[in-house]
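Thanks for coming. I will go through a few places in one structure, and you can follow along on the screen.

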Amino acid sequence: MKTAEQLKVRTASVAEVTKPGAKLEVTKREIGLPSSRHVILKIQACGICHSDSFPIEGHFPGVKYPVVPGHEIVGTVEEVGPDCKRLKKGDRVGVGWHGGHCAICPSCRSGDFITCSSLETPGINIDGGYAEYASFPEEVCAMVPKQIESAEAAPLLCAGITTFNALRHSGARPGDLVAILGLGGLGHLGVQFASKMGFNTVAIARGDDKAPFAKQLGAKLYINSERQNVAEELKKLGGVKVALATVTNAKAMTPLIDGLAIDGRLVVVGADVEPMQISPVQLLMGRRSVSGWPSGTAKDSEECLEFAALTGVRPLIERFPFKNVNEAYERMMSGKARFRAVIEF
Ligand SMILES: NC(=O)c1ccc[n+]([C@@H]2O[C@H](COP(=O)([O-])OP(=O)(O)OC[C@H]3O[C@@H](n4cnc5c(N)ncnc54)[C@H](OP(=O)(O)O)[C@@H]3O)[C@@H](O)[C@H]2O)c1
Ligand SMILES: [Zn+2]
């Protein structure tokens, strides 16, 4: 009989959620040796994304309880499976929303892993990053450039890659007027990416207290959606080519439609189950369109991280020790975090 040491079983402290609406509970998980193409990560930092409320509050299909939330994960490779080809012990990597795919559904066969019909997502149907150790397929790990420290890299694995990918596929070109709605975890990175991509960037958020941040992050203009009429303000500017909606509230997204230029596009990344109210006439007379964007793959994450290393895009973060994970989560949910809560190990 082999001992735990010989089998290299690691006991990891994790924060799990056992049912919708329950608090995060710190408990232990045994993590064995990685299977063929998996690696074990020793996690250094994990960002707290608003989508972590999907398993914690229970507003998402397919959550497998108990589950360890967290999909903005950065750590070092501790152990590699026997068939791993790329990673070695000590490599510093990140994992985001995409934690594994089936490889045989039509999406996967066309190379589109992120819409895989049985996508594995850390914190949804596999354990995520609120943990000292976790196991992931080698192929979903993105290399983290040395210029970016782990706690600052973590939010780039979801908030970063989502806004970076949505913007670079939006059709906007350097010089175009682009609006970013919301200045939370996603929005404050969206403003930075838009500005560094050369867009004439307008930030829109509630209240005046976020205005100085918006300018500091690269926005040329700030609209306070509580005080100003968003559609009218955007129309005065000639309408935006792209509006990126990062907020959690569908109703707050709808004024963007009338603020779009001819051929303008509303790109939705903020998740809400409520419907958006848009009339066909609002779309057809200006040839306007609405689309969504989900996260991305490890390759996209690497490109996002490289872009951030190159241009100086960094999240503004609040750091929490792992034991204060509930406090960190509440801070994000309260909307007070400036702008991403990150747990560190
Ligand atoms: N598409 C994807 O792949 C993807 C990836 C990650 C996250 N998400 C989703 O993106 C959304 C934002 O995530 P996050 O991590 O950035 O969240 P966050 O840091 O908690 O920020 C929340 C944002 O929502 C806005 N907001 C909240 N309540 C609002 C209301 N009643 N009316 C208008 N705006 C409101 C806030 O606006 P102010 O700035 O005005 O305060 C803030 O910008 C979430 O729905 C999340 O699930 C989607
Ligand atoms: Zn996320």
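**Packing in a predicted model**

Phe199 is buried, since its relative accessible area is 8%. Before going further, note that this is a predicted model. Phe199 belongs to the loop between α5 and β9, with β9 covering residues 200–205. What does Phe199 touch, leaving out residues up to four places away in sequence? The list is Leu167, Ala172, Arg173, Pro174, Gly175, Asp176, Val178 and Ala194. For a sense of distance, take Leu183, which is 16 residues from Phe199 in sequence, with 17 Å between the two C-alpha atoms.

One of those contacts, Leu167, is among the buried residues of α4, so let me turn to that helix. Helix α4 runs over residues 159–168. How many of its ten residues are buried? Nine are, and the helix is mostly covered. By name, the buried ones are Ala159, Gly160, Ile161, Thr162, Thr163, Phe164, Asn165, Ala166 and Leu167. And what do they pack against? There are strands, β8 at 177–181, β11 at 240–245, β12 at 260–268 and β15 at 340–344, and there are helices, α5 at 185–196 and α11.

I will stay with α11, residues 298–311. Two packed helices are described by the angle between their axes and the distance between the axes. Here the axes of α4 and α11 come within 9 Å and cross at roughly 90°. Angles of 65 to 115 degrees count as roughly perpendicular, and α4 and α11 are therefore roughly perpendicular to each other. On the α4 side, the residues in the contact are Gly160, Ile161, Phe164, Asn165 and Arg168. On the α11 side, they are Asp300, Ser301, Glu303, Cys304 and Phe307. Sorted by class, that contact holds four nonpolar, three polar and three charged residues.

Next, the rings. A pair of aromatic rings is described by the distance of the centres and the angle of the planes. With centres within 6.5 Å as the cut-off, the model has eight aromatic pairs. Take Phe54 and Trp97: the ring centres are 6.4 Å apart and the planes stand at 85°, so this pair is edge-to-face. Phe54 is in helix α1, residues 53–58, while Trp97 is in the loop between β5 (92–95) and α2 (106–109), so the pair ties together parts that are 43 residues apart in sequence. Are these two buried or exposed? Phe54 is buried, at a relative accessible area of 13%, and Trp97 is buried too, at 15%.

Phe164 and Phe307 make a tilted pair, 5.3 Å centre to centre with 50° between the planes. This pair links distant parts of the chain, with Phe164 in α4 and Phe307 in α11, 143 residues apart. Both of these residues are buried.

Returning to Phe54 and Trp97, ring pairs link them with Phe60 into a cluster. There is also a charge over a ring: the charged end of Arg10 sits over the ring of Tyr133, 5.5 Å from the ring centre.

Last stop, Gln282, in helix α10, residues 280–284. Gln282 counts as buried, because its relative accessibility is 18% and the cut-off is under 20%. Apart from residues up to four places away in sequence, Gln282 touches Ile257, Asp258, Gln277 and Arg288. Gln44 is 238 residues away from Gln282 along the chain, and their C-alpha atoms are separated by 47 Å.

Notes:
Residues numbered from 1 in each chain as written. Chains lettered and ligands numbered in written order. Predicted model: local features only at pLDDT ≥ 70, side-chain atom pairs only at ≥ 80, totals over all residues. Heavy atoms only, no water. Axes fitted to C-alpha atoms, helices over the stretch in contact; angles between N-to-C directions. Helix = DSSP H or I, 4+ residues; strand = E, 2+ residues; numbered from the N terminus. Parallel < 35°, antiparallel > 145°, perpendicular 65-115°, else oblique. Contact = heavy atoms within 4.5 Å. Nonpolar A, V, L, I, M, F, W, Y, C, P; charged D, E, K, R; others polar. Phe/Tyr/Trp six-rings, centres within 6.5 Å; stacked < 30°, edge-to-face > 60°. Buried < 20%, exposed > 50% of the residue type's maximum accessible area, 1.4 Å probe, protein only. Lys NZ or Arg CZ within 6 Å of the ring centre and 35° of its normal.
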